[in-house]
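Happy to walk through this one with you. Here is the structure, followed by a few questions and answers about how it is put together.

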Amino acid sequence: MAAVLVLLAGVGIGYFAYWSEGHNFRPFKLGLDLSGGTQLVYKADLSAIPGADAADSLAALRDTIERRVNLFGVSEPLVQTEHVSAAISGAAEDRLIIELPGVTDTQKAIALIGQTPVLEFRMLKPGADPSKATASTTVDEMFDPAIITGKDLSSAELQFQGQGVSEPVVVLHFNSHGAAVFADVTKQNVGKVFGIFLDGSLIEAPVIREAIPDGTAVISGNFTAESAKELARNLNYGALPVPIELQYTQTVSGTLGAQAVQNGIMAALWGVAAVIFFMLLWYRLPGLIAGVALLIYIVVTLALFQLIPVTMTAAGIAAFILSVGMAVDANVLIFERMKEEMRSGKHISEAIKDGFARAWPSIRDSNISSMITAVILFWFGTSLIKGFALVFGLGVLVSMLTAITVSRTFLIALGIHSKTKLAHFLFGSGTRL
Amino acid sequence: MIIVKNRILFFCITGVIVLASLISVAVWGLKLSTDFTGGTLVEVTYPNGRPASADLSASLNSAGYSGYSLREAGNKDYILRSSELTPAQRDALSAALSIGSTTVATITQYTQVGPTIGTELRRKAFISISLVLLCILLFIAFAFRKVSQPVSSWVYGVIALITLLHDVAVPVGFFAALGHFAGAEVDTLFVTAILTVLGFSVHDTIVVFDRVRENLAINKEKGRKEPFEDTAGRALNQTFVRSVNTSLTVLFTLLVLFFLGPASTRDFALTLLVGIIAGTYSSIALATPLLVESERWFKQGKK
């Protein structure tokens, strides 16, 4: 009875996996190496940001890039930040990871991100004079850390100012936080100079004449009507709070990915067939049960991949195929143990029970060690390897459960108590009566 | 058990294998991929057939590229490696790879790794391999903590560790040869393969050790006196079929992966194949014989 239920559950899960793929309910998530697309990793330069604002700035950085990416109609982009500690990379670093599925033109992808302006307002250090700056003077030597950045901007617009020949300017409107900070700073620093930076270069360095409480600022740096319009438009899509620098680029074409998927599926099918065939040949009836357990293992993991969802990569497919080979290990352990119990003269039903009980400590300990490896792999990995580790770890866990529960249920359900020749043939290849 | 009886012979065989691997690494060295060194890796395909390597070089040189290397791949592809390209070089690459209007290049994969990411991955690879080894040592010492006679549980852990070092040495040596003869490069997938081999091999070793543990417990229960050599030998006998069978099922799947799987995981499957054969061999022919040897050593030390 229990066996029938398990079988039905297996078929049910299998159908779910199939159905959800077909109906796009929760289809398999393909990594960039399979779907085609671009991954870009940028280093965020937080050197001009006071420590307390770092987390805020990174969050703003991520949101701005995400908005920018969405604007260009990339489906399901991934934008995330990552902090790398000094112990691993030599120096602590904050990174921005951008994944653009379907964008297979590296140039276009980089241009898409690169159009985002970086906006910074920085106070001139006392005594520093921009007009006397030489080529070797760095910005950080002349200016204090940024007080207002792209994260404080709410919108920008193009205006024309001045009498006679009117000059195009860009008017910035700050959000409430930005307005408060700007009002405060301008109030305290009347007569001093601050610098407005775009993409890291000084656009202008106006003198503060009076406090500006209304949260607007004007940039008037030798714009043409056209360039001012473009800047305003780009600023409206969001400005970056910190400069970013491209560290890593990977683009995979869609055709290469599709080929990998196809090969992966073929390899998986043949791999499963080879394992089941071998198990049947060597263990006969228990081998058949191990085969059923393996199929149930496969549908359960596939359904889990869809539900969690696990991003499938070429390495992930490899891990899955590998896990199929390893999944039967628990069964092999149990069956070998059963045979041994039978050889020592035990009845089949008793041999089944003892076989399971005795094999358990080995199964447990060896799987724990595999899990340790999977966890460390997950930590080691770039996103491709993380896919491998996740699939591998899940595989170890699920296979342990299915091998034990499913095979056990079936073997006991078959209820073989007889000591007939047939029963012995079915169970005990390699043992004598 | 024949292997335990003739363990000196097997130690010699193992020694030769490890020595060969080390020599292979020393002579040929490991080629690190752009993942670790930083730089640019481009896979380019020519749907109408690829041009001769000299023509392609000429086109690249005249466009101002230098310090790159070209390697043929597949039937219509080239793999180009170079130091990091400037944005302008990157954007002009597709045009420089095409010759005239007939041989048009399609870039199928473009990877550019900055120096800090390369350094970081190198460090991470070392840290994670060391971490796996350490965790496994600790775990085995813990899992076998109740077995202290005749050898302490730490010895089991240390022997598992030695076995694992063998399992790392063999595929690394193999890969050095593969790099020399077929241009294979050590990338993050290779490190993944090594870590997986570690996990699998210790799996195998634990199963044998577990049987030793069980046999010792049975002997104690029944008050049976038996030389440790026999107890361990019996455990090896009892688990032999299982070790071979499990490895066989995994090897089947890996062979399938190697022949039918995606091109990007072919070297990976090969590394795993070699590593898992090494792992199965070492857990049978190295781990338990070492255990027996260390027991004799400790016994003599006590006398």
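**Strands, sheet and a helix**

Reader: How many bridges join strand β2 of chain A to strand β12 of chain A?

Author: Keep in mind that this is a predicted model. Strand β2 covers residues 37–44 of chain A and β12 covers residues 244–252, and the two run antiparallel. In this pairing A:Gly37 stands opposite A:Val252. The number of bridges joining the two strands is eight.

Reader: Which strands stand at the edges of the open sheet of eight strands?

Author: The order in this sheet is β3(A)-β4(A)-β2(A)-β12(A)-β4(B)-β1(B)-β3(B)-β2(B), with antiparallel pairing. Each edge strand has a single partner, so one side of each is left without a neighbour in the sheet. The strands in question are β3 (78–84) of chain A and β2 (68–73) of chain B.

Reader: And what does the twist average from one strand to the next?

Author: Let's stay with that open sheet, which has eight strands. From one strand to the next, its twist averages 20°.

Reader: Why is helix α10 of chain A described as largely enclosed by the rest of the structure?

Author: Helix α10 spans residues 314–327 and reaches 20 Å from its first C-alpha to its last, close to the 20 Å expected. A residue counts as buried if 20 or more other C-beta atoms lie within 10 Å of its own. The helix is largely enclosed because its buried residues number 14 of the 14.

Reader: What percentage of the residues of chain A count as buried?

Author: Chain A has 14 helices and 13 strands. Of its 433 residues, the share that counts as buried is 46%.

Notes
Residues numbered from 1 in each chain as written. Chains lettered and ligands numbered in written order. Predicted model: local features only at pLDDT ≥ 70, side-chain atom pairs only at ≥ 80, totals over all residues. Helix = DSSP H or I, 4+ residues; strand = E, 2+ residues; numbered from the N terminus. Expected span 1.5 Å × (residues − 1). Buried ≥ 20, exposed ≤ 12 C-beta atoms within 10 Å, placed from the backbone. Pairing = 2+ DSSP bridges. Axes fitted to C-alpha atoms, helices over the stretch in contact; angles between N-to-C directions.
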